[in-house]
Structures are given as C-alpha cells and as structure tokens.
Amino acid sequence: MDEERNLFGNEEGEEAEPDPENNTLNQPLLKRNRTLSSTPLALVGAKVSHIESLDYEINENDLFKHDWRSRSKTQVLQYVFSKWTLACLVGLLTGLIATLINLAVENIAGYKLLAVGHYLSQQRYMTGLMIFTGANLGLTLVAGVLCVCFAPTAAGPGIPEIKAYLNGVDTPNMFGASTLIVKIIGSIGAVAAGLDLGKEGPLVHIGSCIASLLGQGGPDNHRVKWRWLRYFNNDRDRRDLITCGSASGVCAAFRAPVGGVLFALEEVATWWRSALLWRTFFSTAVVVVVLRAFIEICNSGKCGLFGRGGLIMFDVSNVSVRYHAADIIPVTLIGVLGGLLGSLYNHLLHKVLRLYNLINQKGRVHKVLLALSVSLFTSVCLYGLPFLAKCKACDPSIAETCPTNGRSGNFKQFNCPDGYYNDLATLLLTTNDDAVRNIFSSNTMNEFNMGSLWIFFILYCILGLFTFGIATPSGLFLPIILMGSAYGRMLGTVMGSYTSIDQGLYAVLGAASLMAGSMRMTVSLCVIFLELTNNLLLLPITMIVLLIAKTVGDSFNPSIYEIILHLKGLPFLDANPEPWMRNLTVGELADAKPPVVTLHGVEKVANIVDVLKNTTHNAFPVLDDADVPQVGLADGATELHGLILRAHLIKVLKKRWFLSEKRRTEDWEVREKFTWVELAEREDNFEEVAVTSADMQMYVDLHPLTNTTPYTVVESMSVAKAMVLFRQVGLRHLLIVPKIQAAGMSPVLGILTRQDLRAYNILQAFPHLEKSKGGKLH
C-alpha cells in the first residue's frame, strides 16, 4: 500500500551511476527512468488521510487590491483589536483547561493512591494490587475507547502534526471540537492511570485546537457567522493563532511563559515575525496569570486532594548552587550521556512505532487491547517492584514527615515498619509529577539507594519505549524527564563528596540532557528548565549540558519529532536542502512532471468544468495573448496573467457568474458578486456544482479573480534555492518560467508544489542521485 511506503521508509534506488556532485548546473543530469509523482497520504493522529497544502500566500487579485485600498482606519483597528482579543482568549481558555486537567488528574490519582495505601497499611497486598490495577485499566479503557472510536487524531502528542501544519501541510480533523474534547478527557484518564506519559504534549495540541476553533468561530457544523470573525477564516491568520496556541500549551504545562514562546519559535513554527512574537508572548502571559490565580485558590485548600502537584512544578530555588572547575567533568559526562542515550532512545522508539503501526492496522479492538496491555504491565511493575527494595530508616534531621502513607510525600512507608520508608515506592507508587519532584528533591543525600535508582531507570526506559504510540493522548516530555533525572541522580550519587553540586541538581541536569539528546531543543529547553526549577544559578551548567547533548545526538540521527513526521508520511520541508539538490534545476523537475494545465483569461465554462473534473490540481496558470507586443517579447508570444485557485473556479461555477459573450468584465461587476473575505475561505467541493448544458457554452472572465503576482522562478534555478524560497515564504505553488520566451512557447514550464520538492519524491524520478545522499546544506 502507498501509505505503508510512507510509514515504513523509502525504497532504495538500484542504479549505480557516476557521482553527480561534480556536475555544473548547465549540464543536464543523467537519464530519468520515471516521472516525478507523489502520494499525498499520511497518518494524522492514528488515521490515514489525504493531505493537502495550505495557502499562506496573499492572493493579490483585483478584489484584494480594491479591498485593501478601501479599508477605513476603523476597520484596520477593528482587525488588529480582534487579533489581540483572540490571542487573549487563547491564553485564557488554555490556562483554564490546563488547570482543569491538573485538578482532575491529582484528585483521581489521589483517591486511587489513598485507597491503595489503606490496604497496604492493613498488609492486604493482593487487594491493593487489584484496586490499583483495576482503576488504571478502567482509566486507560476510557482514554483508549474515546481516541479509537471518536477522535483518532487525538492519539499521541499532536506536536508533529502541529509542526507540519505550521510548515504548510493541512492536517485534516486535527483541530476539531471532537479532537479537543477527547484530548482533554483522554489526557486526564491516561495520566491518572499512571501510564508513563505526560500531559505536556497534549496541552500543546489542546492550545492549538482552542486557537483554531476560536479563529473559525467554532466547530465546522456550528460556526458563528460574526462579520469580524470572517477576517480570520484564512490560512495565514489561522497559522498565527495556532502558533499562539502551541506556545500557550507549553506555558500551561510548565508555567514557563518565555519558554513557551521560545518553544514555538524553535520547535514548531516555520514562519515567524515580530508582531507574532508579541501576540504569542501576550497569550502566554495570560496563561501564567490564570495559573497563578488558581495556585492561590488551591493553596487555601479548595481543590480537594490537589497539593503541591501539577501547577507548581519542580521548585529547587531553595538550593544554594556552588560549582568549581572540577565539576566541568561530570557536567560534560552528563551532556555526552544525554546525547548518546537520547539518540539511542530515538532509534529504538522508531522501531517500536513501526511495530505498533502493524498492530494498529488490524483494527479498533487491537488498538484498545494494546493500550490495556501496556497499562496492565505498567500497573504490575509500579506496584510489584517496590517489594524488591530494602526499607530505609527515616533520617530524624529532615523536617519532612517520614514515613507517609498519603497520596504524595517524599518518604513512602509502603510495606515497611514504622520509622522506615521504601525509597522505590516513593518514586513509583505516586503520580508522575510527584515522582519527578521526589527525584529532584535537594539536600537529601542518602534518600535513594543506587539499586532503587537502577530499577527506576531501567523500568522507565522500558515503559518510555512501549507506552508512547498506544491509542491515548501522550506526551514525550515527562517520560524523558523521568529517565534523564534517574541517570543524573545516579551520577550525582557516584560523585559523592567529589562534587559540590547537589544530587537533586544532577537529576535536573540529567533530565535536561536527555531532552536535548532526544528532542534536540536548546534555547527553549534552557529557559523552560530555568522557569521550572526557579533557579537562575543553574543557567551556565544547563547551557553547557544542552549544547553537548544536542551536538552528540545530532551526529547519530534526527530529533524524535522529525522521526515521527517521517513515519507518518507528512510532507514536512526541512530548513536545509540536501546537497545534491544544488546539481538539479527546477527546469529538469518540470520535465519530469506531466504538462502544466493552463486556462485563458476569458475561458469557456465547458473547459473549466472539464479541467476541474479531470484534474486534482489546486491552481492553474491563466494565460493571455499579448495584444500589444512588449519590449523583449517575441511577436505572437503569450502573456502570463497570473494564477487562479481551484476553490475560486468552483465558487464562480456555484454563483453562476457567466457571460454570454467573450469579453472582459468591469470592476463593479465582480464586486457585485464576490468579496475578498469570501474568496479567502476554503471551498472546493466540486460535487455540489450543477452546470446545465446551456451554461457550458457561456464564458467566465477569470482576470479579476486571478492572483496577478504569483511567485516565479527561472528554469535554471537550482532545486536547493527554490526549496528555501518555497519554505521561507510559505508557498503552495511556485511557477517555473522559461529563461527565453520564443513565439509559440508557453510562458509557464510547470508548477512546483510541496510534494515535488521532497527529497524522496525527487529520488524516485532521479534514482542516480541516491548515491550522493549525504548531509544537509547549512
């Protein structure tokens, strides 16, 4: 199947040709053996979907130009005010939903752990196991069934699909109301079930869903038709809103407003400008205000079992950070370990996700059974492994209560006698947030045995590989933090008195290094960890660790999100083209494609219907015979008037804007029938068009609806240069024009789309380039 090819990698070119690296641009490359084609299918969430590109380019037709000239100052101010209002609402709703998720998780998991603690204190261990496992299976079942039956796109973190959307790929049903609701309930169920996944990734998706729904005025079936909202019903403004939503999600997850903005800039956004930076920062500021308000309310005990969890993440501000020149050795070691283990984790997760895809293809029941199997294994391990640990005597010098049997606490009694605690139960029999808080705990030199840390590390390495990929909303941040903090704490324990850095800070550095080694983020991650731990003195060593871990990881494989994008078959365009793309021209790509389909400025309705019926193209060049020969233009040459979108042709047919004679229309005629806001909306359902046989003989003047300023490249331009232009401007179509236009020659040689610029598709048409595949151009 085509989608399997997308999901499981690319076929290798078989021909061994001379290395084309030494070819110059004016020499044609060696023979093709097939045409340049593509399969626009990809896995969105857990569902195979047909993929389209987005129109981020401004369509400068006559209507747009008239609208732009006639806008009053009041309308411009209303538009700007609306953008800031929506940015505020995105932050407000994301903050409220994040608080709801935190409260629900802490209370559900809290009552579950209190019930288990009650049976443990009575030494009824089997009953405790049954309660623990049963509750976790029930919560996983709710999350799994919702994802599988109602919103397959809610499965997983959602961040790769958001990256693809902001890169220009339309990911169907990714930001719908059903996806949002299932993501919220599914996240609560999956996290409260004790699965090794976090709510951070889903919160980014939730923020993006809120932004998209606000921008379009609600769900598809029940949209609010307010006039000012129609200004946002286009791809450009929706892209900006979704960028604000993704930043708000990270901010809500970590209470890190600056980290959220930098995450959007560094990790998810392809296109950025200063005005968007301000609005994104405003959204995250609103999120922080909402979270701060709820923290104050919860501190007064009005949130049930919600304690220090969830919102006030991992505060280590009370630790005095002291480090010397000798500490650079363990810090460097943590960075190298993070890079090695992060790239190894990416490699193994890639294999596991392929395996899970084979299982998930068998149907809905298999998806739910896989999720329940992982939940059962997780529950048995979390409950059973603490029995392997030895009880440790409580240290009377520590002010914290020891031992505890509640839902949280740093010294869990579990199966130990009074005055003793089980260090492994402290890490395992708790919520994930509390586990991180406990392993980050400072000024607790001998709290954890090395054996317990090893068991914790190995268990979470296994769970981190096998939990991600099941049919529930899942984030990668927390599993990676748990793994990284474990080996960081172990290294701190080994160093002992040789270092002045606290063991809790070693755990923080370990978590940061593994995240940089797997996700390959640096600046945003550094700021997130500073805002997380509330300790500015950690900045220098955190920066060193992140830089080393990213450098080491990059030398082995791509980041985890790039691997997932590739597995899902999403046509993401990288910032750096392949080296061999410099030796291939766009003219050669045009030769490998079918001939371009063009329309005349005043076209017969029958021809338009024929083109729409027999092609799937989303834009068509509009050509005109040059009435007056231009300087440098041959006699009888054809003029390129511009580019018209498929959606606009369909709108013309639906509104029956036909002419009985072949003529050009006046400005007022088109403004009577269409508005620029209306043309910015996406509408391309050709099946709904009804055209009579009499209509077929009539004409349509395409000039007023044609984008007269499409981006063009000359045929001799290299593919590498064209790809950089295509990506940075956020195009959907790029016209290839000839270097010299002769009489009788078309002014357009072809149209480049996203699929044509993907390395895999080019290698299918030019297999001899396979040999020169190598690093990226910077």
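Predicted model: local features only at pLDDT ≥ 70, side-chain atom pairs only at ≥ 80, totals over all residues.

Me: Which residue does Arg732 pair with?

Reply: Asp55. Their side chains form a salt bridge, 3.2 Å from N to O. The pair links distant parts of the chain, 677 residues apart. Arg732 sits in the loop between helix H27 and strand S13. Asp55 is in the loop between strand S3 and helix H2.

Me: Is Arg732 buried or exposed?

Reply: Buried, at 8% relative accessibility. Asp55 is partly exposed, because its relative accessible area is 21% and the cut-off for buried is under 20%.

Me: Switching topic. What about Asp240 and Arg273?

Reply: Their side chains meet in a salt bridge at 3.1 Å, N to O. Asp240 lies in helix H8 and Arg273 in the loop between helix H9 and helix H10, so the bridge ties together parts 33 residues apart in sequence. Asp240 is buried at 5%. Arg273 is partly exposed at 26%.

Me: And where do Arg437 and Asp434 lie?

Reply: Both are in helix H14, residues 432-439. They are three residues apart, about one turn of the helix. Arg437 is buried at 8%, and Asp434 is buried at 6%.

Me: Last one. Which residues are joined into one network?

Reply: Arg239, Asp240, Arg273 and Arg279, through salt bridges that share partners.

Definitions and conventions: Residues numbered from 1 in each chain as written. Heavy atoms only, no water. Salt bridge = Lys/Arg side-chain N within 4 Å of Asp/Glu carboxyl O. Helix = DSSP H or I, 4+ residues; strand = E, 2+ residues; numbered from the N terminus. Buried < 20%, exposed > 50% of the residue type's maximum accessible area, 1.4 Å probe, protein only.
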